[in-house]
Amino acid sequence: MLRGRGGSAHLQSEAVVLDRAGIRLVIPLDAIETVHVARSNRPTAEIRLNSAATGADATTVCAIGSRSTEAVEAFAHAVNAAVPQRDEAERRINGAALVKAMERPFIPRTPCRPFLSTDEWWVCGALTCLFAVGLLLPALAGDGSLAKLWAGTFAGLVFGCAVARGTWRATVTWWLLHRYGVTTVATCVGYEPGEDDNSQGVLVYSFTATAGTAHIIRRTGSRAGPKKIGVSYDPARPDFAVGPRQPWVRTLILLIRLLVGVPTTFVMAAYLLWYFTTAMHP
């Protein structure tokens with residue numbers, strides 16, 4: 001796959017598929033003479049077609065430029081290696097006559113996820129209220145040092161809340177999958193690209209629960225990731241689903257989370273109890 005300015009080229013089993021400006025060109029490998037790499041201001045892959053006339057120059061059907069020289073050279077090498085080799089004695093063919101043009105099929109884009117879910121908005125609101133109350137109580141009592149302490153340690157408190165939530169969710173997920181888990185196959189239904197060409201995107205997989213409803217699970221990976229994966233889920237709550245992992249791996253991760261999350265949760269609870277007791281009874 002080569003993505004560049006104005007289009008993309010994809011090498012399939014017996015053809016190269018070009019998508020440009022809403023038009024899809026399907027070029028059989030038999031129609032291609034070579035793919036030439038032009039090194040100008042922007043490296044460009046030029047797909048040149050066979051000509052039926054002896055001694056005629058190859059016709060360039062499409063040129064796709066990319067910022068990555070390695071990507072252009074890798075695409076050209078892959079196509080040239082797949083093009084059938086012919087002897088000079090073989091009958092030359094008109095490559096342009098084999099090219100098929102069609103309207104590019106519409107591929108619905110995966111809807112963008114909201115910046116924050118409803119639950120996350122509620123959590124942000126609750127933390128904001130907690131921060132305001134923690135500042136207000138010492139201010140009413142005239143204890144400015146306690147208010148400064150609250151403002152300076154609130155970020156650590158938020159981190160502790162995140163650790164406690166992760167530990168709780170990991171524990172519940174492990175218990176549900178250990179007790180009621182069902183394993184099935186999830187099929188890739190979409191891909192959410194990363195921020196740039198060097199970062200991985202998110203593969204979107206769909207699986208059907210025992211109740212007949214479809215559910216989504218997301219995994220970080222490249223576009224060439226597996227088309228099908230095994231997932232385990234709780235039939236009563238299919239949203240508690242995890243990807244392909246061995247049971248001992250899930251147990252080890254749970255133990256690590258417990259060793260970190262439980263002490264952090266107790267420290268956070270003790271700090272809240274001490275702070276509000278001190279603030280309310282200076």
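What percentage of the contacts in the protein chain with a separation of 6 or more comes from residues 24 or more positions apart? In this predicted model, such residues account for 52% of those contacts, a contact being heavy atoms within 4.5 Å. Local features need pLDDT of at least 70 and side-chain atom pairs count only at pLDDT 80 or more, while totals for chains, interfaces and linings use all residues. Residues are numbered from 1 along each chain as its sequence is written, and side-chain values use heavy atoms, with hydrogens and water left out.

The secondary structure of the protein chain comprises 5 helices and 13 strands; helices (H or I, at least four residues) and strands (E, at least two) are DSSP runs, numbered from the N terminus. Of the 282 residues in the protein chain, 30% are buried. Buried denotes under 20% relative accessible area, exposed over 50%, and partly exposed the range in between (1.4 Å probe, protein chains only).

Strand β1 (residues 2-4) runs antiparallel to strand β2 (residues 7-11), and 3 bridges join them. Two strands are taken as paired if DSSP finds at least two bridges between them. Leu2 has Ala9 of β2 as its bridge partner. Strand β2 also pairs with strand β3 (residues 15-20), in the antiparallel sense and over 5 bridges, with Ser8 opposite Asp19 of β3. A hairpin is formed by β2 and β3, with 3 residues between them.

Helix α1 (residues 69-82) contains 14 residues. From its first C-alpha to its last, α1 reaches 20 Å, close to the 20 Å expected at 1.5 Å a residue; the expected span is 1.5 Å times one less than the number of residues. Val72, Phe75, Ala76 and Val79 are the buried residues of α1. Viewed down the helix axis, the buried residues of α1 fall within an arc of 95°, and therefore line one face of the helix. The arc is that of the directions from the helix axis to the C-beta atoms. An α-helix has 3.6 residues a turn, so residues three or four places apart point the same way. Exposed residues Glu70, His77 and Ala81 are carried on the face of α1 turned away from its buried side. The cover over the buried residues of α1 includes β1, β2, β3, β5 (32-38) and β6 (44-49).

The largest nonpolar core has 21 residues, where a nonpolar core is a set of buried Ala, Val, Leu, Ile, Met, Phe, Trp, Tyr and Cys residues joined through side-chain atoms within 4.5 Å. Two or more residues each are given to this core by β3, β5, β6, β7 (59-65) and α1, and the largest share, 4 residues, comes from α1. Val16, Leu18, Ile27 and Ile32 have the most contacts inside the core. Leaving aside residues up to four places away in sequence, the residues touched by Val16 include Ala9, Ile27, Ile32, Ile47, Phe75 and Val79. A second, separate core has 11 residues, among them Ala186, Ile217, Val231 and Ala241.

Glu46, in strand β6, is buried, with a relative accessible area of 18%. The Glu46 side chain makes a polar contact with the side chain of Arg48 at 3.0 Å. A polar contact is a pair of N or O atoms within 3.5 Å; within protein, one must be able to donate a hydrogen and the other to accept it, and residues adjacent in sequence count only if both atoms are side-chain atoms.

In helix α3 (residues 118-141), Leu127, Gly134 and Pro138 are buried. Just after α3, Gly142 adopts a positive phi of about 75°.
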